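Keep the model open while you read, and find each residue as it is named.

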Amino acid sequence: MRFNLMGPFEIVGDDGRVHLPTTPKVCQTLALLLTRPNEIVAADSVIQELWGDDPPRSAHATVQTYIHQARRMFRDRRLTDDERRPLATHAPGYLIRVADEEVDSTVFQRLVDRSRTELDQGRPQSAADSARTALALWRGPVLSNVPVGRALTARVVHLEEVRIRALELALEADRRLGRERGSIPELRSLVHDFPLNEWFHGRLIRALHRAGRRAEALEAYQCLYRILDTELGLEPSPEIQRLQSEVLDPPPGIGPSLLGSDDLLAPYDGHRDRVGAPLRA
């Protein structure tokens, strides 16, 4: 059995069939428990997630009903054998017992952490493989078919941030492997999806110039300048402005293939997007 949160919420049986509770709030309850697998989630936290600051008087009894419905679904659809009961009641709340590999968001986080470690260890190919494997788990907006309250909204934002880190790791690993030119199409897509992320813009500008496409590199800078000015009334960061200056007037003896120090656009240096997640219509 697998639980997928990164995209539409799904419970996938061993036979590959997708199962969902018929009640949206049962899905929401399960999703909340799955964000803290194998941990007790207080009943009050579940109530807060489901109804916010205005719960019904029957909230505790209703949550118990939702847990019962979820247990019945696992049993009636034969998602678990008779010996396994994933949903448990433990004061002061509930927990779901799952293996790490059964929850896609847990696998995703571990792969991204592994990629970062591999990159720090000077193993760019392994880092690229781990980051790309993680990104392949992303099926669309997190929990797109489930209502989300405060706790789940925070988890959605967290996973979107981790996805950006995974993209950065993959691109940095590709750069170290000499595949920067091949990343240009992906970078163009990323600056469209994440228009306020200066790191992606900077990588596109540098990749274009290193590919000998100086005019396109300058056009990419102007695009970023317009976006930041229109959306936030800001100029590009000093690092990006320095990169533009080097595109306009490379230092003597420095050609496009050597433009830009490794530190200029290194991941995790605090020079990042003004807003982490993509703009939404």
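This model is predicted. Three strands make an open sheet, and their order is 4-6-5. The pairing is antiparallel. Two strands stand at the edges: strand 4 (41-42) and strand 5 (87-90). Each of these edge strands pairs on one side only.

Helix 1 (residues 24-34) packs on this sheet. Helix 1 touches strand 4, strand 5 and strand 6. The direction of helix 1 makes about 75° with that of strand 6.

Now look at the pairs inside the sheet. In general, strands of a sheet pair through backbone hydrogen bonds, and the pairing is either parallel or antiparallel. Strand 5 pairs with strand 6 (residues 93-96) in the antiparallel sense, over four bridges. These two strands form a hairpin, with two residues between them. Leu87 stands opposite Ile96 in strand 6. Thr89 has Tyr94 in strand 6 as its bridge partner.

Strand 4 also pairs with strand 6 in the antiparallel sense, over two bridges. Here Ala42 has Gly93 in strand 6 as its bridge partner.

Strand 2 (residues 10-12) and strand 3 run antiparallel and are joined by two bridges. Val12 stands opposite Val18 in strand 3.

**Two packed helices**

Two packed helices are described by the angle between their axes and the distance between the axes. Helix 7 (residues 184-193) and helix 8 (residues 198-210) pack at an angle of about 150°. Their axes are 9 Å apart. The crossing of helix 7 and helix 8 is left-handed.

Which residues of the two helices meet? Helix 7 brings Ile184, Leu187, Arg188, Leu190 and Val191. Helix 8 brings Phe200, His201, Arg203, Leu204, Ala207 and Leu208. In this contact of helix 7 with helix 8, eight residues are nonpolar, one is polar and two are charged.

**Empty spaces**

Rolling a probe the size of a water molecule over the atoms shows where empty space is left.

| Space | Volume | Nonpolar lining residues | Polar lining residues | Charged lining residues |
|---|---|---|---|---|
| Second largest pocket | about 150 Å³ | four | three | three |

Helix 3 (residues 59-76) gives the most to the lining of the largest pocket, with five residues.

The residues that line the second largest pocket are Pro21, Thr22, Thr23, Val26, Gln69, Ala70, Arg72, Met73, Asp76 and Arg77. Four of the lining residues are nonpolar, three are polar and three are charged.

How many cavities of 30 Å³ or more does a search of the whole structure find? The search finds one. Leu171, Arg175, Glu180, Ser183, Leu187 and Arg203 line the largest cavity. Two of these names have come up before. Leu187 in helix 7 and Arg203 in helix 8 are among the residues where those helices meet. Leu187 and Arg203 are also among the residues that line the largest cavity.

Terms used. Residues are numbered from 1 along each chain as its sequence is written. This is a predicted model: local features need pLDDT of at least 70, side-chain atom pairs count only at pLDDT 80 or more; totals for chains, interfaces and linings use all residues. Side-chain values use heavy atoms; hydrogens and water are left out. On a 1 Å grid over the protein atoms alone, a cavity is a set of points where a 1.4 Å probe fits but cannot get out, and a pocket is an open set with protein on both sides within 12 Å along at least five of seven lines; lining residues have an atom within 4 Å of a point. Grid points are joined across faces, edges and corners, and a volume is the space filled by probe spheres set on the points. Ala, Val, Leu, Ile, Met, Phe, Trp, Tyr, Cys and Pro count as nonpolar, Asp, Glu, Lys and Arg as charged, and the others, Gly among them, as polar. Two strands pair if DSSP finds at least two bridges between them. Contact means heavy atoms within 4.5 Å. Axes are lines fitted to C-alpha atoms, for helices over the stretch in contact, and angles run from 0 to 180 degrees between N-to-C directions. A crossing is left-handed if the near helix is turned anticlockwise from the far one by less than a right angle, and right-handed if clockwise.
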